[in-house]
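Biologist: Hey, could you walk me through this one? I'm new to it.
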Amino acid sequence: MKAIKVFLNSNLVYLPGKAANAGGVATSALEMAQRSSRLSWTFEEVDSKLKKIMVNIYKNIDEASKKYGAEGNYVVGANIVGFIKVANAMLAQGVV
């Protein structure tokens with residue numbers, strides 16, 4: 001936690017692991033979608049799809065950090081976005 005505070009206090013851009021590691025998870029999901037659809041995408045197609053996913057993740061984190069008064073703090077933004085996703089999934093499953 002101390003290291004994260006050093007980054008944040010130095011005005012360096014810091015994205016938490018849950019956001020940065022999403023690229024690997026997204027790539028695995030793209031590979032599974034490709035396999036289950038019996039498609040063969042080029043490297044460029046996969047890279048383009050991954051870029052869209054990662055840009056969207058950043059956009060969501062950035063917007064959440066601004067909306068909840070922590071502009072530029074992507075740790076807070078990522079935690080908020082993650083919480084909202086889990087809460088919405090629970091509500092969709094009928095968990096109240």
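Predicted model: local features only at pLDDT ≥ 70, side-chain atom pairs only at ≥ 80, totals over all residues.

Biologist: Which side chain does Lys66 meet in a salt bridge?
Modeller: That would be Asp62, at 3.0 Å from N to O.

Biologist: And is Asp62 buried or exposed?
Modeller: Asp62 is buried, because its relative accessibility is 14% and the cut-off for buried is under 20%.

Biologist: How many salt bridges does the structure hold?
Modeller: Two. Glu31 forms one with Arg35, and their closest N and O atoms are 4.0 Å apart.

Biologist: Where are Glu31 and Arg35, then?
Modeller: In helix H3, which covers residues 22-36. Glu31 and Arg35 are four residues apart, about one turn of that helix.

Biologist: How open are those two?
Modeller: Glu31 is partly exposed, with 38% relative accessible area. Arg35 counts as exposed, since its relative accessibility is 57% and exposed means over 50%.

Biologist: Okay, new topic. Which residues make the nonpolar surface patch?
Modeller: Val13, Leu15 and Tyr58 make it, and the patch is about 280 Å².

Biologist: Where does Val13 lie?
Modeller: In the loop between helix H1 (2-9) and helix H2 (17-20).

Biologist: And why does Val13 count as exposed?
Modeller: Because Val13 has 65% relative accessibility, and the exposed class is over 50%.

Methods. Residues numbered from 1 in each chain as written. Heavy atoms only, no water. Patch = residues over 30% accessible without salt bridge, like charges linked within 9 Å, V, L, I, M, F, W, Y side chains within 5 Å. Areas by Shrake-Rupley, 256 points an atom, 1.4 Å probe, with all protein chains shown as cover. Helix = DSSP H or I, 4+ residues; strand = E, 2+ residues; numbered from the N terminus. Buried < 20%, exposed > 50% of the residue type's maximum accessible area, 1.4 Å probe, protein only.
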